[in-house]
Each structure stands twice: as structure tokens, then as C-alpha cells.
Amino acid sequence: MRCSSNSGFRLCRACKFGYDKIHKRLYLPDVFGYVGTIVLSLLGYLLIYVIDKKYEDKRRRENTLKLEEYAEWEKELPQPKRYKFFSKETYHKFFVKRWSYYTGAVFIMIMFITILVTTGTSWGVTAVFAHWAAWFYQALGIVDVSNWEWFSGRMDAIKGGFFNHPGSMRNMGIIIGALIAPLLAGHFSFKKDFRLKDVFFYAIGGLLMGYGARIALGCNVGALYSGLSNMSLSGWVFMPSLTLGGILGVKLTKKLNIKI
């Protein structure tokens with residue numbers, strides 16, 4: 001698109017200013033200050049809570065509310081008459097019993113702060129998979145990603161290797177932890193009751209999630225949790241989009257009768 005100036009296809013100063021303003025990442029404290037941003041964020045979280053409770057009450061009145069039910073083995077064991085730390089009850093509490101959302105939230109908060117302090121970057125998951133693909137392709141000599149614009153500022157990490165990349169170590173920890181958790185609980189199993197049709201939709205869903213995460217520059221971790229924690233406007237933009245997409249996904253899953 002040409003500017004009215006004689007600069008041809010190069011952006012004139014006025015257009016470039018507008019372009020930069022539109023594409024600038026908006027850090028909310030730059031606009032509202034830290035106190036103002038914290039107040040606005042708390043009000044936003046309160047609004048989400050109120051909307052959620054009203055919707056929950058509506059479903060309860062319609063008798064359509066389904067509360068999550070835990071299996072018997074995930075519930076708390078009866079307390080013994082005499083407390084012993086080294087006991088099956090203690091083991092069950094830490095490694096078998098389903099942790100509450102509050103407990104999970106506290107541990108995620110601690111992990112997020114640890115990542116921020118030790119690496120100087122926010123928590124992210126899906127961007128790491130792009131690095132894994134780059135290492136895979138370059139190891140096979142298929143593609144040289146150094147010429148790709150997205151990797152131009154990330155070549156130091158690519159050259160550093162898998163084991164020197166903090167994000168890769170975190171993702172491997174998530175994968176290994178997800179494997180160890182059911183093993184420690186004694187309930188590891190493979191699901192086999194799915195059809196070829198389900199596999200097809202799983203693949204389509206994975207492709208859409210991967211593509212969407214790159215276009216949005218993050219998933220629910222990097223774009224939502226990190227965005228909100230870093231007081232960025234992007235997190236608040238991502239949240240309603242993610243919610244609407246989730247609602248649409250659930251409706252499609254039910255309509256197409258996909259096993260999950």
C-alpha cells in the first residue's frame with residue numbers, strides 16, 4: 001500500500017508511527033501505573049468470578065450443573081488414631097489423593113516466580129516446541145531455519161542445544177512428571193477405547209492448537225497466565241477469545257460424538 005508521500009512502498013513517517021502504535025505491546029502500568037493496573041486487574045478477576053457464579057447458579061436452577069466427582073482412590077483416606085508421617089496415609093495425601101485447585105494454584109505461582117527469577121523470562125510452553133522442530137529438521141539436514149524470520153532472533157538458543165535450553169528442560173519435566181504421577185499413584189493405564197474417527201479429530205485438534213498458539217504467540221500458559229501476570233493487555237484480549245473457542249470446541253465435540 002502506497003503512502004501519499006514520495007517514499008514509494010516504504011512507510012512514510014506518519015504511517016510508520018501509526019503502524020508502531022498499533023503493533024506495540026501494551027504494558028498496562030505504562031498507561032495506568034502499577035497501582036492502577038493492580039486495581040483494574042483485581043476488578044477484572046472479581047467480574048470473572050461474579051459471571052462464573054451467576055452462570056453456575058443458572059445451571060443449578062436448571063438442574064444441569066454437573067460437579068466434578070473423584071474416584072474413590074482419589075479421595076482422602078480416613079485419619080488414623082495416631083498420626084505418623086511415614087505412613088500410607090501420608091503417601092496417599094501427597095502422591096495419590098487428588099490435589100485441590102487451591103493447592104495447584106499455589107504451586108503454579110511458586111513455579112512461575114522461580115522461572116521468572118532464575119531465567120529472567122516468563123513461563124511458556126508451546127514456543128519451545130518450535131525449537132524442538134528446528135533441532136529435529138537441522139539434525140536431519142532437511143531445513144536451515146537460520147533464514148526464517150521467526151528464528152532470526154532465536155538462533156543463540158538453537159545453537160545452544162536442547163540441554164542448554166531452560167524451556168526445553170521445563171517441558172521435559174512436565175512430560176516426565178505427567179508420567180511419574182500416575183505411576184506413583186498406582187493407576188497408570190493406556191486408553192484403548194477410541195476409534196479411527198477420534199484419532200483423526202485428535203490430529204486436527206492438535207494442528208489447530210499448534211497453529212493457533214504460534215499465531216497468538218502463546219498458549220493458555222504463555223499468552224494467558226504469563227500475559228496476565230506480566231500486566232499485559234494481551235492476556236485480557238486472549239482470555240475471552242480462548243473462552244469462546246473452548247465453548248465452540250465443547251459443542252463440536254458433543255455434536256461429532258468425539259471421545260475424549
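Let me start with Gly141, the residue that follows helix α5 and has a positive phi, near 70°. Helices here are DSSP runs of H or I with at least four residues, strands are runs of E with at least two, and both are numbered from the N terminus. Before I go on, please keep in mind that this is a predicted model, in which local features need pLDDT of at least 70 and side-chain atom pairs count only at pLDDT 80 or more, while totals for chains, interfaces and linings use all residues. Residues are numbered from 1 along each chain as its sequence is written, and side-chain values use heavy atoms, with hydrogens and water left out.

Now to the helix before that glycine. How far apart are the end C-alpha atoms of helix α5? They are 22 Å apart, which agrees with the 21 Å that its 15 residues, 126–140, should span at 1.5 Å a residue, because the expected span is taken as 1.5 Å times one less than the number of residues. Several residues of α5 are buried, namely Thr126, Val128, Ala130, His131, Ala134 and Trp135, where buried means under 20% relative accessible area, exposed means over 50%, and partly exposed lies in between, using a 1.4 Å probe and protein chains only. These buried residues pack against α6 (155–160), α7 (166–185) and α8 (196–215), and a contact means heavy atoms within 4.5 Å.

Staying with α7, we find Pro182 in that helix. Is Pro182 buried or partly exposed? Pro182 counts as partly exposed, because its relative accessibility is 23%. If we leave aside residues up to four places away in sequence, Pro182 touches His187 and Phe188. Pro182 and Glu74 are 108 residues apart in sequence, yet their C-alpha atoms are 11 Å apart in space.

Next, let us look at the loop between α9 (220–229) and α10 (233–255), which is where Ser232 has its place. Ser232 has a relative accessible area of 17%, and therefore it is buried. Its contacts, again not counting residues up to four places away in sequence, are with Leu26, Leu28 and Gly227. Met231 is in the loop between α9 and α10 as well, and Met231 has a positive phi of about 60° although it is not a glycine. As background, most residues other than glycine have a negative phi. Asn257, in the segment after α10, is not a glycine either and has a positive phi of about 60°. With a relative accessible area of 48%, Asn257 is partly exposed.

How many helices and strands does the protein chain have? There are 10 helices and 0 strands. The radius of gyration, taken over C-alpha atoms, follows for a globule the rule of 2.2 Å times the number of residues to the power 0.38; a compact globule of 260 residues would be near 18 Å, but this protein chain has 24 Å. Along its principal axes, the C-alpha trace spans about 85 × 50 × 45 Å. Buried residues make up 18% of the 260 residues. Of the contacts between residues at least 6 apart in sequence, 53% join residues at least 24 apart.
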